[in-house]
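Student: Could you take me through one part of this protein slowly? I'd like a close look at a single spot and what surrounds it.

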Amino acid sequence: MVGWQLRLTPKQAAAKIVVAVVGLAIGAYGVATVYEPLQGLQDELDLRKGELLRYYKTKHDERIRQATNKYPIGVNDGNGYRDHSPSDSLFRRTFKFYKRHDMAPNFSKVFDLRSSLSAHGIICSKFEPVVAPSDIMLEKLGLRPVSEWTASTITHRPGMVMLNGIFKSISHLQWIKRSLFIYAESPGFTNVGLQVPNVRNVFKEYGRQLRWSTLGLHYDWATKIYPLEGESLPEELVSLSNVLSQALGIGPMYADAAIINFYSRKSTLAPHVDRSERSLSSPLISLSFGQTAIYLAGGTDLDDPVDAFYIRSGDVLVIYGPQRLIYHAVPRILQDKHFEDKDQPEEIVKYANKNRINITLRQVDEHK
C-alpha cells in the first residue's frame with residue numbers, strides 16, 4: 001500500500017512533464033537573454049578596467065619621470081625647491097650675494113640672534129614658557145631644562161621666534177642619526193626613491209645623493225600638493241611640535257607632515273613661500289642640527305626688506321601669524337661646528353662635521 005501511494009497517475013505525470021518542459025524553456029530563455037548578456041557586460045567591464053589601469057599606470061610613470069627630471073638626484077641647490085624669483089628682485093640679489101663662493105665672503109650684515117642688538121630690533125632674553133613641558137618630556141626629546149632656554153625676536157617681525165640652542169649637546173648627533181637611519185627609510189620617501197624604487201639603506205648606499213625626505217603626509221614636489229591621507233608622523237616629532245607650540249602660547253599643534261632637508265657644504269635652499277598646507281593657522285617649526293646656515297627672511301613681496309641671520313645646531317626657528325607666508329631661503333652653509341662623540345658611529349660624527357640637517361614640522365590640515 002505504501003508503494004502505491006508514491007506512484008503518479010498518468011494525468012499527474014503528464015502535468016509534471018509539462019512543468020519541467022516549461023521550466024527548461026524559461027531557463028534557456030533566461031540564459032540567452034539575461035545571463036549571457038550580463039557575462040558579456042562583465043567581460044567588457046574587465047577589459048575596460050584593464051585599459052583604465054594601464055592608462056593610469058602610464059600617467060603615473062610619466063609623472064615620476066617628470067619629477068625625476070625636475071628634481072634630479074645630486075642637485076646641489078635643490079632640496080626640492082626651485083628658484084623662480086625675478087633675478088632683479090631685492091631678495092634674489094641678496095640670495096646670490098651670500099651664495100657666491102668665488103669671492104671672499106662678507107658676513108658683516110648677518111645677525112647673530114643669540115645676542116640682543118637693539119639698533120636692529122633684535123631682543124634675546126630668558127624664555128618664559130606659557131605652558132611648561134614636563135621634565136619627562138624634555139628628557140625624552142633631548143631638550144635642555146627650560147630654565148636654560150633663551151628666545152630671540154625681531155621687533156619688526158612679529159610671529160618669528162628663535163629658540164636658541166635648546167637641545168642638549170649630546171642629542172644633536174642623536175637627532176642627526178635618527179634623520180639618516182630612520183627618517184630616510186620607509187615609510188619616509190626621499191629624492192633617492194624617485195630613481196631607485198623600494199630603496200633601502202639610503203644613507204649607507206646613497207648618502208652623498210640624499211637631499212630630502214618627507215614623512216607623514218608626503219609633500220609632492222611636482223604638484224606642490226599634500227595628499228588627503230598618509231602615514232602618521234613619528235611620535236617624537238608630533239610631541240616636539242606640540243610642546244614647542246604650547247610653550248610659545250600659540251596653542252596646540254597636531255603635526256601631520258615633516259620635510260627634512262640634508263645640506264652639504266655648497267647646498268642652498270631657493271627662495272620660496274610655504275603655502276601648500278591647507279591649514280595656515282598653525283606654525284612652521286624648523287629644527288637645525290649640524291653645521292650653521294645663513295637664513296634669509298623677507299616679506300610677502302620679493303622686494304620687501306630682507307634680514308640675514310645665523311641658524312646654528314640645536315636652534316629652533318618658529319614662524320606663525322604675520323610671518324607665516326614670508327619669502328625665505330638658505331643661501332649658504334658654514335662649516336664652523338665640530339662634533340666629537342665616541343658613543344656615536346664614526347660615519348655620523350663625520351657627516352655632522354660637514355653637513356647640516358633641517359627638520360620642518362607642519363600641520364597640513366585642521367585638527368578634527
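Tutor: Start with the side chains of D274 and H328, which are joined by a polar contact of 2.9 Å. A polar contact here is a pair of N or O atoms within 3.5 Å; within protein, one must be able to donate a hydrogen and the other to accept it, and residues adjacent in sequence count only if both atoms are side-chain atoms. Before going on, keep in mind that this is a predicted model, where local features need pLDDT of at least 70, side-chain atom pairs count only at pLDDT 80 or more, and totals for chains, interfaces and linings use all residues. Residues are numbered from 1 along each chain as its sequence is written, and side-chain values use heavy atoms, with hydrogens and water left out.

So where do the two partners sit? D274 lies in the loop between β8 (269-272) and β9 (284-290), while H328 belongs to strand β13 (residues 328-334). Those strands are DSSP runs (E, at least two residues), numbered from the N terminus. D274 is buried, with a relative accessible area of 6%, and H328 is buried too, at 6% relative accessibility. Buried means under 20% relative accessible area, exposed over 50%, and partly exposed in between (1.4 Å probe, protein chains only).

Now for the record: an unreviewed UniProt entry lists H272, D274 and H328 under "binding site". These three span 57 residues in sequence, yet no two of their C-alpha atoms are more than 8.9 Å apart, so they gather at one spot. H272, D274 and H328 are also in the lining of the largest cavity. A cavity is a set of points, on a 1 Å grid over the protein atoms alone, where a 1.4 Å probe fits but cannot get out; lining residues have an atom within 4 Å of a point.

The loop between β8 and β9 also holds S281, and S281 counts as exposed at 52% relative accessibility. Its side chain makes polar contacts of 3.3 Å with the side chain of S279 and of 3.3 Å with that of E366.

As for confidence, the chain averages a pLDDT of 86, and 77% of the residues score at least 70; pLDDT is the predictor's confidence in each residue, from 0 to 100.

Definitions and conventions: UniProt positions renumbered as here; feature names shortened; annotations may be inferred. 1 Å grid on protein atoms, 1.4 Å probe; cavity = no way out; pocket = protein on both sides within 12 Å on 5 of 7 lines; lining within 4 Å. Helix = DSSP H or I, 4+ residues; strand = E, 2+ residues; numbered from the N terminus.
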